[in-house]
Structure formats: structure tokens, C-alpha cells
Amino acid sequence: MLKRMIRKLRKQNSPPTPAGALPDPTLTPTQFRELILHVARTHEVELNCSSTFELIDEYAEMAAQGRNAANIMPQVNQHLEMCPDCREEYQTLLHILRTFELENGDELA
Ligand SMILES: [Zn+2]
């Protein structure tokens, strides 16, 4: 008797399932959409700030040399696109490297 009442209550409290909805009732269509968007943005390997920081000087050196750093180190590029802090760090580094290169002429090449 009690079980039946609980079941009935649960049925009443759960929102009606829209046509073509996903079989998993724990995700609303909005939640599912957000999940998909999140997965789409996520790459297999993501770098965090400290990992990026370790690679950022190498990355900036490549860019300063006119190499396609984004192609060579796509994970760093991806992190820089998403993280304003690291991007600022990278741009500062790049600026320093370029200034240094200009001052030293062809010695670095
Ligand atoms: Zn970062």
C-alpha cells in the first residue's frame, strides 16, 4: 500500500516526458544540450594552468620564430583560447621575446 502511494507520488512529481525525449530521465533537454556543448568543447587531453605554464615559454618561442605554435602544440593553444590568465602570460612573453629578437638582430636566428 505504502509502496504504491510512493510510486504514485513519484509519477506525479516527475515532469511529463516530451516526445522524442532522451531515455535518461535524469537529464532535461537543456541539461543534455549543455552536456553536449561541454563535450564538444572538451578535447581528449586538456592542460591545466600549471601544465600550460611549463610549456608556455616554448610555445611563445615558436610563435616568436614565426612557426605555427598552435599546430605544433594544439593543447597549449586550446588552453590559451579558454584561459585569459594564461593568454595574458603568453602575450607578455611573446612581446618580450619579440623585443629581445629585434634588439639582438639576427643573432637568434
Ligand atoms: Zn590557464
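Author: One term before we start. Contact means heavy atoms within 4.5 Å. Keep in mind that this is a predicted model.

Reader: What does the chain follow as a pattern, read along the sequence?
Author: The pattern is α-α-α-α-α-α. The chain has six helices and zero strands. Of its 109 residues, 17% count as buried. Among contacts with a separation of 6 or more, 61% join residues 24 or more positions apart.

Reader: How do I read the helix α3, and why does its span agree with expectation?
Author: The expected span is 1.5 Å times one less than the number of residues. α3 has 16 residues, so it should span 22 Å; its end C-alpha atoms lie 21 Å apart, which agrees. Look also for a bend. α3 bends by about 45° at Leu55. Just after α3, Gly66 takes a positive phi of about 80°.

Reader: Which residues of α3 are buried?
Author: Buried means under 20% relative accessible area. In α3 the buried residues are Thr52, Ile56, Tyr59, Ala60, Met62, Ala63 and Ala64.

Reader: What do the buried residues of α3 pack against?
Author: Their partners are α4 (69-72), α5 and α6.

Reader: Which residues touch the most other members of the largest nonpolar core?
Author: A nonpolar core joins buried residues of nonpolar kinds through side-chain atoms within 4.5 Å. Here the largest one holds 15 residues, and Tyr59, Val76, Leu80 and Tyr90 touch the most other members. Two or more residues each come from α3 (49-64), α5 (74-82) and α6 (84-104). α3 gives the largest share, six residues. Take Val76 as an example. Leaving aside neighbours within four places in sequence, Val76 is in contact with Leu47, Thr52, Leu55 and Tyr59.

Reader: Are His79 and Cys83 buried or exposed?
Author: His79 counts as buried because its relative accessibility is 7%. Cys83 is buried too, with a relative accessible area of 11%.

How values were computed. Residues numbered from 1 in each chain as written. Predicted model: local features only at pLDDT ≥ 70, side-chain atom pairs only at ≥ 80, totals over all residues. Heavy atoms only, no water. Buried < 20%, exposed > 50% of the residue type's maximum accessible area, 1.4 Å probe, protein only. Helix = DSSP H or I, 4+ residues; strand = E, 2+ residues; numbered from the N terminus. Bend = angle between axes of the 7 residues up to and from the residue.
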